[in-house]
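Here are some notes for a colleague who is opening this structure without having seen it before. They are set out as numbered points, to be read with the model in view.

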Amino acid sequence: MKPIQDGWIRNFVDGEFVEPDSRRGFDQIDPSTGRIVARVHEADRPLVDRAVTAARHALDSGWADTPVRERTALLRRVADRIEERFDEFVAAEMTDTGKPLTQARELDVTRAIVNFRTFADIVAAAGQESFLTDLAGGRQALNYAVRKPLGVVAVIVPWNLPLLLLTWKVAPALACGNAIVVKPSEETPSTATLLAEVLAEAGLPAGAYNVVHGFGADSAGEYLTTHPGIDGVTFTGSSATGAHVMKTVAPRVRPVSFELGGKNAAIVFDDVNIDEAVTGLAKSIFTNTGQVCLCTERVYVHRAIFDDIAAGLAERAESLRLGDPNDPNTTTGPLISQGHRDKVLGYLRLAEESGAKVLTGGSIPELGPDLDGGSWIEPTLWTGLTNTDRILREEIFGPVAALVPFDTEDEAIALANDTEYGLASAVWTNDLRRGHRVAQKMHVGISWVNTWFTRELRSPFGGMGLSGIGREGGEASLHFYSEPTNVCVQL
C-alpha cells in the first residue's frame, strides 16, 4: 500500500500504511492557492496505541541491540535514497508549505540528506568516558559507561520546516537505536509519510518508525504524549504547546527536549558595511516568509546609521518576489494557512494602533486568480515602536520586523536581552572584539556575528527561557536520545 491512495494520505504503523478504524479525516490545503490537494486520515486512539506497541516490539525484537555500524550504514542508505528521490521530496515539501522551489531544493531537502549523514558520522565516532578509581589497600575499580537507547520516542514536529526538523530528530534517534512515533503537523503531513516509505526501503525494521496524523488536543498529539508507553518526547513548536506537553508528561517524569518560540534580536553597530548588513538582515527577517523560529523580529540599529539601514531594508523587502512557488524567480512564499495569516494580520493592526510607522508592506498582495486564495502577506517593516509595545514582546512568526534606534553598546545589549525568549541573536559589526564581547552577553542558545542561519550540526542547539529546554545537535543529541549506564568493576 502506498502513502497516498484514492486521494488520502495514510498513517504508517508497524511497517504498513494503514487507516484508522474511525475513518476520520481532514483536508490538506496548498497554502499558495488555498485549494484542497488531499485528505488525511486522522489517527484515533487505538491506532496511536498500535503505533506505540509496534515501536516497543521493534525495540524488544532486536532493533535496540543492533550494532552501531549497522545503524550508521542504514542512515547512510536513507540519505542516498532521499537523494535518489530528491524531486519527490521537493514536490511534497512544496505542497505542504507553499515555499518556493529554490528554497525547498537548496535548504529543506538538502539539509534532510545532510542530517542523516552527519548523525551517522557522529554516532560512529562517539565514545564514552572511563575512570580508574583508587581504593583502599592499593586496589582499583574501573568505571565505564555504556550507552542504551532512550526507548520509544514521541517526535512532534512543526509545519515551518517539516522535513528538515523531522530528520534533525529522527536521524539521531535512530542512530541511538530508538523506536519512533512521529506526529507531524496537521498542516504538513506529506514528507513524514514519504520518509516512512524510504526508511522501509532502506531496511529499517517494521515498527521502528511510525507516523500518526492528526491534531493536538483530543487527537493524535494528545493520545501520543499521554501514552504510558512513551519514554521521551522531543518537540519543536510554540512555547504554549511546549508548556502543555510538559504538564502532560510530568506525572510520568519523562525526559523532554523542547525547541520553542523566539523573539530574536539583531544588533547593528555603526561600523558595519551597510550593504552587507542589509543583506544579512533581509535574510534573517524574510527567509521562509519569516516562519523560522530563528528569524529576526527585533532590529536594534545605531542611531548614526538608522536611516540608511531602514531605507536599505525597505528596498530589499520591496524587491522580494511573491508568486508561483514553481517559478524559479519566486523568492517568497505564502504563510502556512489562512488562520496563521489572520494572526499576523492582527499584529499588523496592533502595530498601527500602537503608532508604528510602516516603512513598507502592511497588507495582502494581489497575485491574480490562481494565487489570491492562498495565505499571502506583504513583507512588512515598522519604525516608531519601543520594547514596551506588544509588537516587540510577542512572537509573530511572519515576514515582519520592527527597527529601533540605540546610542550605546550597553543600551543595545539591554534592549536585545529584554525578552522572555532566548533562542537566537545576530550581531553586526566590523569590530572583532566587540563582536565577541556582545555575542557572549546575549541570553540565547545561539549568537551569530556577521551571519545568520549558519549551522554547525555538531554543535549544541536550543533555547533559554520561553525558547526551550535542553540541547540537540552533535553529541548533545546523543545525550538526549540515549541513557548511559555506568559499569563499575573492582580490579
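1. A pocket, as the word is used here, is an open set of points on a 1 Å grid with protein on both sides within 12 Å along at least five of seven lines. Please keep in mind that the model is predicted.

2. The largest pocket, for its part, has a volume of about 870 Å³ and is lined by 36 residues, with Trp159, Phe235, Gly237, Ser238 and Thr241 lying nearest its centre. At least two lining residues each are supplied to the largest pocket by helix 7 (220–225), strand 12 (232–236), helix 8 (239–249) and helix 11 (338–353). Helix 8 contributes the most to this lining, with six residues, and by class the lining of the largest pocket has 14 nonpolar, 16 polar and six charged residues.

3. Turning to helix packing, the axes of helix 5 (residues 162–175) and helix 6 (residues 190–202) come within 10 Å and cross at roughly 40°, and the crossing of these two helices is right-handed. On the side of helix 5 the contact is made by Pro162, Leu163, Leu166, Thr167 and Leu174, while helix 6 brings Thr191, Ala192, Leu195 and Leu199. What classes do the residues of this contact of helix 5 with helix 6 fall into? They divide into seven nonpolar and two polar, with no charged residue.

4. A further point concerns an open sheet of three strands, which has the order 7-8-24 with antiparallel pairing. Its edge strands, strand 7 (130–134) and strand 24 (482–490), each pair on one side only, and the twist averages 25° from one strand to the next. Strand 8 (residues 140–149) pairs with strand 24 in the antiparallel sense over nine bridges; for Arg147, the bridge partner in strand 24 is Pro484.

Technical notes. Residues numbered from 1 in each chain as written. Predicted model: local features only at pLDDT ≥ 70, side-chain atom pairs only at ≥ 80, totals over all residues. Heavy atoms only, no water. Axes fitted to C-alpha atoms, helices over the stretch in contact; angles between N-to-C directions. Helix = DSSP H or I, 4+ residues; strand = E, 2+ residues; numbered from the N terminus. Left-handed = near helix turned anticlockwise from the far one by under 90°. Contact = heavy atoms within 4.5 Å. Nonpolar A, V, L, I, M, F, W, Y, C, P; charged D, E, K, R; others polar. Pairing = 2+ DSSP bridges. 1 Å grid on protein atoms, 1.4 Å probe; cavity = no way out; pocket = protein on both sides within 12 Å on 5 of 7 lines; lining within 4 Å. Points joined across faces, edges and corners; volume = space filled by probe spheres on them.
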